[in-house]
Amino acid sequence: AVVSSRVRGGSVRDKTAIMLDDIIDELEPWCLQAKFLKEQGAQKVYAMAPHGILSGEALQIMESTQHLDHVVITNTVPLPDDLLEHPKVDVVDVSKNVCGGNPEDTQRREHVGALHKYNGGLRILVL
């Protein structure tokens, strides 16, 4: 089921609900949606996005929430080690796809954002 202000696509009772967006920044709104889904009977609630900013008090929120079971993001932006190692966070490595599969490029960069250089308003992909 996809969530906006309500559940779409049927009941989430006894199912796993997956919330999708392009960016996960602050976790509070995600936790509120997860709480709603759990109240509707979802067994598990996952949040997924390609860009996991996870700013603010994301770690403390991950530790304390009972509603959001797991967050799945990619390594398009740098993340602190404590979030990378958190048991509720999975980081999917997309650097090989962006680097064209060159092992030397992927081994020397911990996130895809390291491939970009900022040059006077223009983003340059460095391969």
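Reader: Hi! What is the mean pLDDT of the protein chain, and what share of its residues reach 70 or more?
Author: The mean is 78, and 69% of the residues reach 70 or more; pLDDT is the predictor's confidence in each residue, from 0 to 100. This is a predicted model, where local features need pLDDT of at least 70 and side-chain atom pairs count only at pLDDT 80 or more, while totals for chains, interfaces and linings use all residues. Residues are numbered from 1 along each chain as its sequence is written, and side-chain values use heavy atoms, with hydrogens and water left out.

Reader: Where is confidence lowest, and where highest?
Author: Strand E9 (residues 122-125) is lowest, at a mean of 38, and E6 is highest, at 94. Helices (H or I, at least four residues) and strands (E, at least two) are DSSP runs, numbered from the N terminus. The pLDDT also stays under 50 over residues 1-5, and it is below 50 over residues 116-127.

Reader: On to the core. Which residues of the largest nonpolar core touch the most other members?
Author: Met 19, Ile 24, Leu 27, Val 45, Leu 54, Leu 68 and Val 71, out of 23 residues. Such a core is a set of buried Ala, Val, Leu, Ile, Met, Phe, Trp, Tyr and Cys residues joined through side-chain atoms within 4.5 Å. Buried means under 20% relative accessible area, exposed over 50%, and partly exposed in between (1.4 Å probe, protein chains only).

Reader: Which element gives the largest share of this core?
Author: Helix H1, with 4 residues.

Reader: And what is Val 45 in contact with, leaving aside neighbours within four places in sequence?
Author: Its partners include Ala 17, Met 19, Leu 37, Lys 38, Leu 68 and Asp 69, where contact means heavy atoms within 4.5 Å.

Reader: Which side chains meet in a salt bridge?
Author: Asp 69 and Lys 38, at 3.1 Å, N to O. A search of the whole structure finds 1 salt bridge, meaning a side-chain nitrogen of Lys or Arg within 4 Å of a carboxyl oxygen of Asp or Glu.

Reader: Why does that pair tie together parts that are 31 residues apart in sequence?
Author: Because Asp 69 lies in the loop between H2 and E6, and Lys 38 in helix H1. Asp 69 is partly exposed at 22% relative accessibility, and Lys 38 is partly exposed at 23%.

Reader: One more: is Thr 74 buried or exposed?
Author: Thr 74 is buried, with a relative accessible area of 12%, and its place is in strand E6. A polar atom of the Thr 74 side chain lies 2.2 Å from the backbone oxygen of Pro 50.

Methods. Polar contact = N/O pair within 3.5 Å; in protein donor to acceptor, adjacent residues only side chain to side chain.
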